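Have a look at the structure first.

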Amino acid sequence: MPTSSKSYSEAMETSLNSLLEDLKRFRKVLKAETVPQVGKKILRNKANELGSAWHRDFSPKLKSAVPDEVCARYDEGFTRLIKLSSPNNLRSSYLDALNDLISKFRDELVIPAKQGLLATASPSAFDSFFASLAGTEESGYLQEAVACARAAHFRAAAVLGWSAAIDRIHRKLEGLGFQQFNVSSARMAGQQSGRYKKFNQVQNVNSIGEIREVFDTIVLWVIEGMGLIDSNQHTRLRSCFDMRCQSAHPGEAPITSFNLLSFFSDLDQIIFSNPKFKL
């Protein structure tokens, strides 16, 4: 039986109140901390969890029910929480972000839900698929990509989705040690026959900053040489990179919801959910 507008508003009110209480509890815990930077993983995970919950469970449903500028402000605020969840950001920055989110939350969201003013939004084709990505420990790139996809900004979603994938690859290489990346590139460049005979891009990378200056296509070749992906996965990732480039530059090639679902499915299976790229 379809959910009535009243029961939907009541459920949304309950969910929003729960989120607000979670934000307040998190703020209280942070206020009790005595160090200027937030290094505890449990606190950083909580910030990421709260930001992800908003983008997964609330923003898609509220976009048609609250003013655009209100939803955009909360999208920005919860994305800020996700970005702050990286190591050693200032406690004061967390508190500023939480205060901004909490200050008008009841007036702008909870009370309209209590008044029955929030109508349910039809779920997009991406909702069920992106729900499976909600648990990934990812940078803000992926959350912003998901938000763009749900808002039908498909080209922007492809650009940010690729940024999330290559960021995961870079961080994995950092965890393995860049020496492995450098040695593999030299070994590949030394081959006179076989798949890598035309590869000539010897690398000397020693930091995350330096790996970010290496062309993505070269990175894909080297991680294949390292055994992190096979040739078929390399081909699929190269297709994803090509879609990213097509999305970032003017052209007539369309980017449809079907293209984007395939794009994110490949990134999920080959990178985000692949044990070889677990951080």
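In the largest nonpolar core, which has 43 residues, Trp162, Ile169, Leu173, Val219, Ile223 and Phe263 touch the most other members. A nonpolar core here is a set of buried Ala, Val, Leu, Ile, Met, Phe, Trp, Tyr and Cys residues joined through side-chain atoms within 4.5 Å. Buried means under 20% relative accessible area, exposed over 50%, and partly exposed in between (1.4 Å probe, protein chains only). At least two residues of this core come from each of α7 (140-150), α8 (154-176), α9 (178-189), α11 (216-225), α12 (231-248) and α13 (257-272). The biggest giver is α8, with 10 residues. Helices (H or I, at least four residues) and strands (E, at least two) are DSSP runs, numbered from the N terminus.

Before going on, a word on where this comes from: it's a predicted model, where local features need pLDDT of at least 70 and side-chain atom pairs count only at pLDDT 80 or more, while totals for chains, interfaces and linings use all residues. Residues are numbered from 1 along each chain as its sequence is written, and side-chain values use heavy atoms, with hydrogens and water left out.

Setting aside neighbours within four places in sequence, Leu173 is in contact (heavy atoms within 4.5 Å) with Phe178, Phe181, Ile211, Val219, Ile223, Met226 and Leu228. Apart from this core there's another one, of 31 residues, including Leu20, Leu23, Leu101 and Val110.

Now for a helix pair. α9 and α11 pack at about 90°, with their axes 9 Å apart. The axes are lines fitted to C-alpha atoms, for helices over the stretch in contact, and angles run from 0 to 180 degrees between N-to-C directions. That makes α9 roughly perpendicular to α11, a label that covers 65 to 115 degrees. On the α9 side the contact is made by Phe181, Ser184, Ser185, Arg187 and Met188, and on the α11 side by Val219, Trp221, Val222 and Gly225. Those residues split into 5 nonpolar, 3 polar and 1 charged; Ala, Val, Leu, Ile, Met, Phe, Trp, Tyr, Cys and Pro count as nonpolar, Asp, Glu, Lys and Arg as charged, and the others, Gly among them, as polar.

On to the rings. Rings of Phe, Tyr and Trp (its six-membered ring) pair if their centres lie within 6.5 Å; planes under 30 degrees apart count as stacked, over 60 as edge-to-face and the rest as tilted. By this rule there are 8 aromatic pairs, including these two:

| Pair | Centre to centre | Angle of planes | Type |
|---|---|---|---|
| Trp54 and Phe78 | 4.9 Å | 10° | stacked |
| Tyr74 and Phe105 | 5.7 Å | 90° | edge-to-face |

Trp54 sits in helix α2 and Phe78 in helix α3 (residues 68-84), 24 residues apart, and both are buried. Tyr74 lies in helix α3 and Phe105 in helix α5 (residues 105-114), so this pair ties together parts 31 residues apart in sequence. Tyr74 is buried at 1% relative accessible area, and Phe105 is buried at 0%. Ring pairs link Trp54, Phe58, Tyr74, Phe78 and Phe105 into a cluster.

Ser52 is in helix α2 (residues 41-62) and counts as buried at 2% relative accessibility. Ser52 and Gly140 are 88 residues apart in sequence and 9.4 Å apart in space, C-alpha to C-alpha.

Most residues other than glycine have a negative phi. Asn88 has a positive phi of about 65° although it isn't a glycine. Asn88 is in the loop between α3 and β2 (89-90) and, at 45% relative accessibility, counts as partly exposed.

Note on methods: Angles under 35 degrees count as roughly parallel, over 145 as roughly antiparallel, 65 to 115 as roughly perpendicular and the rest as oblique.
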